[in-house]
Amino acid sequence: MTSLDIALESSFATRPRGLGFVALRRFARRPLAVAALVTVLSLFVAGALAGVLAPGGWSEINLAVVHRAPTFAGGHVFGTDWVGRDMVVRTLYGIRTTEIVALSAAVIATIAGVLAGGIAGYYGGWLDAFVMRVSDLLTALPVVVIVLAALVYFGEAYPHLLVLIFSGCMWAGVARVIRTDVARLRVQEFVEAGRALGATDLRILRRHILPNVGGTIAVAATALVGQIVLIDATVEFFGYGLPESVAPSLGNLVADVVKFKFGLTTDPAVAGLGWWTWVFPGLVLVLILVCLNVVGDSLDEALNPSSQLG
Amino acid sequence: MAAFLARRLLLAVGVLVAVTFISFCFVATKFSAICTSAYTPQTRYPPLAGSVRDAAILYWHWLKSVPQGHVGDPCGTTTLQPFWESVGHTAMLIALTAVIVVAFSLLLGTLAAVNAGSALDVVLRVFSYAAWAIPSFLLALILQAIVEWATVHHGFRLFPISGWPGTCPVSVFYTTPACGHPTGIHYVGSLFTHTLVPALALSLAFVGLHSRYLRSALLVALHAPFTTTAYAKGLSRRRTVLRHALRNSLATFTSAFLLDMGAIFGAAMAVDWVFRLGGFGMLFIIQINGVGGGDGPAYLDAYAIENLLAFAALFVLGAAFVSELAVGWLDPRARVR
């Protein structure tokens, strides 16, 4: 090899980069996706810090400022409700409740789905049939119906029961997606090579298959958070989620509007709420869902570039 | 293909029986079978079945009565009539929604894919993200407020605020301004005006979602070798897109849409509740509202709840089966021989 060859080789040499890194760079090049990720993370961090940002708590009543429209004077930017509770504070605590339920349920459902789908896809046979039939049972009813029925069965709702119900019925969707990917990967040459070299099933699953389904897991988990936020809000809209007396959530704050007819009426019997008491939590709910959808979609496109041709 | 479909049908029936059995065991061992007319909040009724064994026997009686149309209900028409009515109302709402979603998703998805990267694509992308993120119940409330505002302040009475043609909703907050009992062609017209706004509220999110799915599938088809061949043969752009690329993308779109029927059904419950359409959502909430809570068994018609759960499962499983039929019909490669 001449010195010219060596110089040429070194000038063309690139650092090996994994699929994840390439996808991440592709994701970072999308300003809309980055903005959505930053927004949703900021909202979730603000929600998580609700106790620090508003140490008085969500139920602090101030009868001096009852039913006040949004104003910068006095610090009630989102206004106050019929007993003078600040809507910024209630919305922050609402985000906190919603994120606790959605993130915990999504994490548990994703882990359960990855385990079940991974085992079903890798081993096949009766294990596969069993996992798929259980997931058939769980996906045979609309999630809203399952959650409503479960809440009626248990009688009352509290955050960790909601987390259990959501994760218990939503892991099946993740398992199906992961199972398809793992079943496709297990017959690939690199898995065969690993097996021929004497690698155990656990090692093959952990070191070879799991990194290759990382993208699918990320997309499924993001989509799951959005779905849970939406279904949770719908269930609370029916009045069956967390009662407002336990904790405000974005769903039950918006649901108040039904009881008070939007706060737009002049009829004193139903004009108890102002429009601001449901518009701001509603906007935050929609903003979180928009951002999660954009992040999920962009993640999918970054990991599967064929879907963004053109 | 026939053997494959027969196997899938058998599997769907098996899943339906298993889901209804499991749900029946839960419902029967927890709740009573008290007719709505006999509902007495002060009394605690014992559950319908004392054990899973009892529940299994009652389930068998319930299952046997299904082909005769009795669906095991001791209350007769008091719960069965609302059941069939609610199924009809929800079917009408979902059918109109399906038409709107398919039509607009095809239009917007095709426009976005054909103009990929253009300003129109960006506008459609923003629209679909926004539409997809607005919960159906929230949009339903907003549209209802707009209709109410137009009715009350401007005398615009084309779309009723709530209710179903021929039924006058009794509600604390909403009243229908004109509550007649139309017949014949007037009934059809009234049906359309009563369901159009709820269907729009229900469809918007799914138009946003499925137009994105179609765009992705169509982009793949537009970059496939067969599309290049079609152009090379001198076919016009319109013919290539509509006859070759779009037809190839329809299988993915149809499958995704039909598999999403569970989500559409769930959202339809909320829209039904807002507009007081007397559909599945309203009946389900009315039925589960019978729960007393506390430590004793609650008073709730177990059969009425079971009928509703069984119908929801039948709907979702039926949609999944139709999806397999449709994909096999649209895409010959998907046909299993």
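This is a short chat about two chains of a predicted model.

Student: Ground rules before we start: what do the numbers and letters follow?
Tutor: Residues count from 1 along each chain as its sequence is written, while chains are lettered from A and ligands numbered from 1 in the order in which they are written. The model is predicted: local features need pLDDT of at least 70, side-chain atom pairs count only at pLDDT 80 or more, and totals for chains, interfaces and linings use all residues.

Student: Where is Pro248(A)?
Tutor: In the loop between helix H11 (214–237) and helix H12 (250–260) of chain A. Helices are DSSP runs (H or I, at least four residues), numbered from the N terminus.

Student: Is Pro248(A) buried or exposed, and why?
Tutor: Pro248(A) is buried because 27 other C-beta atoms lie within 10 Å. Buried means 20 or more such atoms within 10 Å, exposed 12 or fewer, partly exposed in between, with C-beta atoms placed from the backbone.

Student: Which residues does Pro248(A) touch, leaving out those up to four places away in sequence?
Tutor: Trp58(A), Arg90(A), Tyr93(A), Gly94(A), Thr97(A) and Leu253(A). Contact means C-beta atoms, placed from the backbone, within 7 Å. Tyr93(A) is 155 residues away along the chain, yet its C-alpha atom is 6.3 Å from that of Pro248(A).

Student: Switching to chain B. Where is Arg157(B)?
Tutor: In the loop between helix H5 (136–154) and helix H6 (184–222) of chain B.

Definitions and conventions:
Helices (H or I, at least four residues) and strands (E, at least two) are DSSP runs, numbered from the N terminus. Two residues are in contact if their C-beta atoms, placed from the backbone, lie within 7 Å.
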